Amino acid sequence: MDLYSWVKAAHIISVIAWMAGMLYLPRLYVYHADAKPGSELSETFKVMERRLLRGIINPAMLATWVFGLWLAYLGDDWREGWLHGKLTLVILMQITHAAYARWRKKFAEDANTNSAKFYRVMNEVPTVLMIGIVILVVLKPF
Ligand code: HEM
């Protein structure tokens with residue numbers, strides 16, 4: 001049994017779940033922003049957003065960190081430039097995640113002030129970060 005490969009498999013599975021949520025949640029916000037506060041549609045979005053964030057995105061983010069740091073430990077990668085670059089982008093992903101959580105709370109309180117267009121633009125942030133992260137870890141350019 002190759003522990004490193006098992007941890008890497010677990011890391012990739014967690015990353016897929018985290019990214020799936022990070023790409024889907026702002027899509028819900030795009031439609032939620034145009035729904036009338038208090039309407040049945042708006043209340044349905046609230047349930048979907050809470051379950052997606054708490055049930056999938058948060059645990060998947062934690063698992064990504066645990067397995068990613070475990071890989072770095074097993075591979076003794078701490079001095080690698082690609083890891084420093086990758087972690088910088090992962091921290092930006094983490095900040096985006098925190099912003100998503102803040103906006104979910106606003107929606108839950110019927111206090112959203114951002115437009116659907118704003119969420120459409122914010123939807124691109126995790127996409128761009130993910131592309132950079134994968135290029136850094138697979139190509140290891142430095
Ligand atoms: C949360 C902090 C993270 C840490 C500490 C971390 C660390 C690592 C390490 C050390 C490896 C092993 C590299 C190798 O075997 O060559 C790895 C693999 C990988 N990571 Fe992460 N990672 C993190 C988050 C992410 C995120 C957010 C993504 C994607 C958006 C990601 C995507 C990948 C992929 C695709 C691989 C497999 C690369 C390969 O096999 O060539 N990681 N990660």
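D110 is partly exposed, with a relative accessible area of 39%. Keep in mind that this is a predicted model. D110 forms a salt bridge with K46, and the closest N and O atoms of the two are 3.1 Å apart. K46 lies in helix α2 while D110 sits in the loop between α3 and α4 (116-122), so the pair ties together parts that are 64 residues apart in sequence.

What else does the side chain of K46 meet in a salt bridge? The partner is E43, at 3.0 Å from N to O. K46 and E43 are three residues apart in helix α2, which means they are separated by about one helical turn.

Now the surroundings of that group. K46 has 13% relative accessibility, so K46 counts as buried; the cut-off for buried is under 20%. E43 is partly exposed, at 35% relative accessible area. Taken together, E43, K46 and D110 are linked in a network of salt bridges. How many salt bridges does the count come to? The count comes to two.

Next, the positive charge on the surface. Which residues gather in the positive patch? They are R50, R51, R54 and K105. Helix α2, residues 40-75, gives the most to this patch, with three residues. K105 belongs to helix α3, which covers residues 81-108. K105 counts as exposed because its relative accessibility is 52%, and the cut-off for exposed is over 50%. Membership of a patch also requires that a residue has no salt bridge.

Leaving out residues up to four places away in sequence, I56 touches A17 and R51. I56 is found in helix α2. Is I56 buried, partly exposed or exposed? I56 is partly exposed, with a relative accessible area of 40%.

There is also a distance to look at in the viewer. I56 and W18 are 38 residues apart in sequence, and their C-alpha atoms are 7.1 Å apart in space.

To go back over helix α2: I56 is in this helix, K46 and E43 are three residues apart in it, and it gives three residues to the positive patch.

How values were computed
Residues are numbered from 1 along each chain as its sequence is written. This is a predicted model: local features need pLDDT of at least 70, side-chain atom pairs count only at pLDDT 80 or more; totals for chains, interfaces and linings use all residues. Side-chain values use heavy atoms; hydrogens and water are left out. Patches are made of residues with over 30% relative accessible area and no salt bridge: like charges are joined within 9 Å, nonpolar side chains (Val, Leu, Ile, Met, Phe, Trp, Tyr) within 5 Å. Accessible areas come from the Shrake-Rupley method with a 1.4 Å probe; for residues, only the protein chains shown count as cover. A salt bridge is a side-chain nitrogen of Lys or Arg within 4 Å of a carboxyl oxygen of Asp or Glu. Lys and Arg count as positive and Asp and Glu as negative; His and the chain ends are not counted. The place of a charge is taken as NZ of Lys, CZ of Arg, CG of Asp or CD of Glu. Helices (H or I, at least four residues) and strands (E, at least two) are DSSP runs, numbered from the N terminus. Buried means under 20% relative accessible area, exposed over 50%, partly exposed in between (1.4 Å probe, protein chains only). Contact means heavy atoms within 4.5 Å.
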